[in-house]
Amino acid sequence: MKEDLLKENRRTFLKGGLVLGGLALLNPQNAISNPVNKSDEEFKIITGPYLQTNFGNGISILWITSKDSASWVEYGESPDSLEKKAYGKSDLGLKPASRLNCVKLTGLKPGVIYHYRIVSKEIRSFQPYKLTYGETVTGSTESFLNTDTAKNEISFVMLNDIHDRPKSIAHLLDLDKGNKRDFIFFNGDVFDYQTDEKQIVDHMIQPCVDYFARTTPFVYVRGNHETRGKFARDFAAYFDHVGYAAFTLGPVRFVILDTGEDKEDSHPVYAGIVDFDRYLEEQAMWLEQEITHKEFKNAPFRVVLMHIPPRYSGDAHGAVHCTELFEPIMNRGRVDLVLSGHTHQYKVHAPDKKLNNYPIIIGGGPLEGTRTLTRVTANKRQMLVSMLDDSGKEVGQYRVSAK
Ligand SMILES: [Fe+2]
């Protein structure tokens, strides 16, 4: 079982077309202690499907089953003909046989709507030379638009600092009802700390599945609170990716930084088992490389998404470390916009010629009256940011024109 889950963790890092950084280190101690398959327990899909993507003409379809399973996705361009079949990534010749399912569809056509359904076959008993299958469960047929990454105009919305208030997800997304976005971005601190699988499902995945995630992908980066709690080392296995990354969508090069913790690694609350200084330094070295790539340099706009803002969030160690490490690189790279959270006080900070040469827009939350939905649209000429509070009133706006 642990090996199966280790493969799930490994799968998180083995994706093409996306510049990835580490989060779920391949340590067997990170593997999840799954419940043993009990024959009297109903075999079912606990949650899903939910979509994540790196915008490389592929999409990852994830779901969770109540017991280990052999799983796949059936898909095609017509809902009546799901003629193709895709499995989770094999590792050392073995297909996955886990509860946490992730199937990546690749080689998709840009701008085409695909229809799909998830299928899982229960592994009832797993003996060395005799595997016995049980029930097969099939999800309903769903669809998604495979975004054309070369398109002229793109848009997304940002949620941040939900802090274990799952109703905020639907409430805030309702403010944007009727708009089709390319992705939903979670900028950290969806949770207070990580406790168990039920928390991840009930407080994030299921609300996302109910609202949008069967048809629209989300992109997610950790905040400092996702690094806390006894389940923090299992957390990444529930997602395609939650660490640092970069991708291009339309006129925007997106860079995602995983800003780690707010206190020094030696703080007693971490009990000696965190290593964020080194993790941030690793990202700074990666960012130095990223700003030299043509995808970054030639993009009409360069947007950095990071939970702890690179300024304006106090003088705690994590915030200061982010400033010291990332600000000089982002200034040199001529970043156009930074979107953050963490402070729980929404605010638009204009560029400062001596400090941050780019605007830093910070979303609010998590309490009623302080929550925000940040909406971003971009074409080759301009990028517009509009921040709404949870009553739908615009409380922040910013326009970036192409240089
Ligand atoms: Fe935070």
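Hi everyone, let me start at the metal: the four donor atoms around the iron ion subtend angles of 88 to 173 degrees, so the arrangement is irregular. For reference, four tetrahedral donors would ideally give 109.5 degrees. Do keep in mind that this is a predicted model.

Who are the donors? The protein supplies Asp189 through OD, Asn224 through OD1, His307 through NE2 and His342 through ND1, at 2.1 to 2.2 Å from the iron ion. Along the chain, these donors of the iron ion follow the spacing D-x34-N-x82-H-x34-H. Asp189 and His342 are a pair that links distant parts of the chain, 153 residues apart. Asp189 sits in the loop between β11 (183–187) and α3 (197–213), while His342 sits in the loop between β16 (337–340) and β17 (347–349). Asp189 has a relative accessible area of 1%, so this residue is buried. His342 also counts as buried, because its relative accessibility is 16%, under the 20% cut-off.

Now let's zoom out to the domains. The chain is divided into domain 1, covering 35–146, and domain 2, covering 154–401. Their centres, taken over C-alpha atoms, are 28 Å apart. How many residues are in contact between them? On the domain 1 side there are 22, touching 23 residues of domain 2. About 1,800 Å² is buried between domain 1 and domain 2, with carbon and sulfur atoms giving 58% of that area. In domain 1, Tyr50, Gln52 and Phe55 lose the most area to domain 2, together making up 36% of what that side buries.

Finally, salt bridges: there are two between domain 1 and domain 2. Elsewhere on my list is Arg214, which forms a salt bridge with Glu142, with the closest N and O atoms 3.5 Å apart.

Terms used. Residues numbered from 1 in each chain as written. Predicted model: local features only at pLDDT ≥ 70, side-chain atom pairs only at ≥ 80, totals over all residues. Heavy atoms only, no water. Donors = N, O, S within 2.8 Å, 3.2 Å for Na, K, Ca; no water. Tetrahedral: all angles 85-135°; square planar, octahedral: opposite > 155°, others 65-115°. Helix = DSSP H or I, 4+ residues; strand = E, 2+ residues; numbered from the N terminus. Buried < 20%, exposed > 50% of the residue type's maximum accessible area, 1.4 Å probe, protein only. Domains from an automatic or database assignment. Contact = heavy atoms within 4.5 Å. Buried area = accessible area lost by both parts, 1.4 Å probe. Salt bridge = Lys/Arg side-chain N within 4 Å of Asp/Glu carboxyl O.
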